[in-house]
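Have a look at the coordinates first, then read on.

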Amino acid sequence: MGVHGTRIVSRRDPIWFTATGSGTARLDLSDDERALLGNLMDQTRMMILGEDQRAWRLFPETYPQDPAMEARHRELVGDDLRDNRLAAIETITSTLDDDEIDADTLDEWVRAINATRLVIGTVLDVDADTDPDDFVEGSPDHIQLAVYDYLTHMLAEGIRALGELGED
């Protein structure tokens with residue numbers, strides 16, 4: 001998963017989502033950030049639709065020790081998980097140019113951002129012991145780790161804003 005043609009924007013103390021007090025959140029995203037998110041959502045969608053192995057974290061096994069139970073579970077759940085992931089991605093794509101979104105839309109943003117972050121983390125083999133300093137600046141992994149880190153902070157901001165919207 002790459003970020004070709006998109007510049008990563010670094011901001012001091014970024015706040016992407018601000019609860020307005022009227023049940024909506026204001027989006028504070030630069031054009032570069034909107035382009036990056038659009039690119040990432042397109043890539044994640046393609047990976048899901050193409051059943052790319054790098055997207056496995058989005059579809060975890062429920063019963064890894066029991067293949068028969070796992071098969072039954074997949075039969076019952078069907079494509080719901082995949083369809084929900086794709087719907088969240090479509091929500092970001094269709095509202096990317098908006099200046100304000102409601103709580104349900106922000107929830108979908110959080111879901112899609114997290115899914116994309118999980119895919120990038122899987123590609124990078126990121127785990128709790130991963131040290132960002134292990135990635136050499138200028139390497140492709142360094143760029144992907146920067147995007148992973150960006151999405152991690154954006155995810156936290158989205159969750160914070162959802163909490164604030166829930167208080168309204």
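1. Contact, throughout this note, is heavy atoms within 4.5 Å. This is a predicted model, so to set the ground rules: local features need pLDDT of at least 70 and side-chain atom pairs count only at pLDDT 80 or more, while totals for chains, interfaces and linings use all residues. Residues are numbered from 1 along each chain as its sequence is written, and side-chain values use heavy atoms, with hydrogens and water left out.

2. Start with arginine 34, which sits in helix H1; helices here are DSSP runs of H or I with at least four residues, strands are runs of E with at least two, and both are numbered from the N terminus. Beyond its neighbours within four places in sequence, arginine 34 contacts Leu27, Leu29, Leu96, Asp97, Asp98 and Asp99. Is arginine 34 buried or exposed? It counts as buried because its relative accessibility is 10% (buried is under 20% relative accessible area, exposed over 50%, partly exposed in between, with a 1.4 Å probe and protein chains only).

3. At 18% relative accessibility, arginine 45 counts as buried. Setting aside residues within four places in sequence, the contacts of arginine 45 are Leu86, Ile89, Glu90 and Thr93.

4. Now the sheet. Three strands make an open sheet, ordered S1-S2-S3, with antiparallel pairing (two strands pair if DSSP finds at least two bridges between them). S1 and S3 are the edge strands, each pairing on one side only. On average, neighbouring strands of this sheet are turned by 35° against each other, direction ignored; axes are lines fitted to C-alpha atoms, for helices over the stretch in contact, and angles run from 0 to 180 degrees between N-to-C directions.

5. Strand by strand: S1 (residues 17–19) is joined to S2 by three bridges, and alanine 19 has alanine 25 in S2 as its bridge partner. The hairpin of S1 and S2 has four residues between the strands, and glycine 21 takes a positive phi near 90° there. Three bridges also join S2 to S3 (residues 100–102), where arginine 26 is partnered by glutamate 100.

6. Which residues have the most contacts inside the largest nonpolar core? They are Phe17, Leu29, Leu106, Trp109, Ile113, Leu151 and Met154, in a core of 39 residues. The term covers buried Ala, Val, Leu, Ile, Met, Phe, Trp, Tyr and Cys residues joined through side-chain atoms within 4.5 Å. Two or more residues each come from S2 (24–27), H1, H3 (80–95), H4 (103–124) and H5 (140–167), and H4 gives the most, with ten. Methionine 154 touches Trp16, Phe17, Leu29, Leu37 and Ile113, not counting residues up to four places away in sequence.

7. Last, the H1 and H4 packing. Their axes are 10 Å apart, at an angle of about 70°. The two helices are therefore roughly perpendicular (65 to 115 degrees; under 35 is roughly parallel, over 145 roughly antiparallel, and the rest oblique). Leu37, Leu40, Met41, Thr44 and Met47 of H1 make the contact with Trp109, Ala112, Thr116, Val119 and Ile120 of H4.
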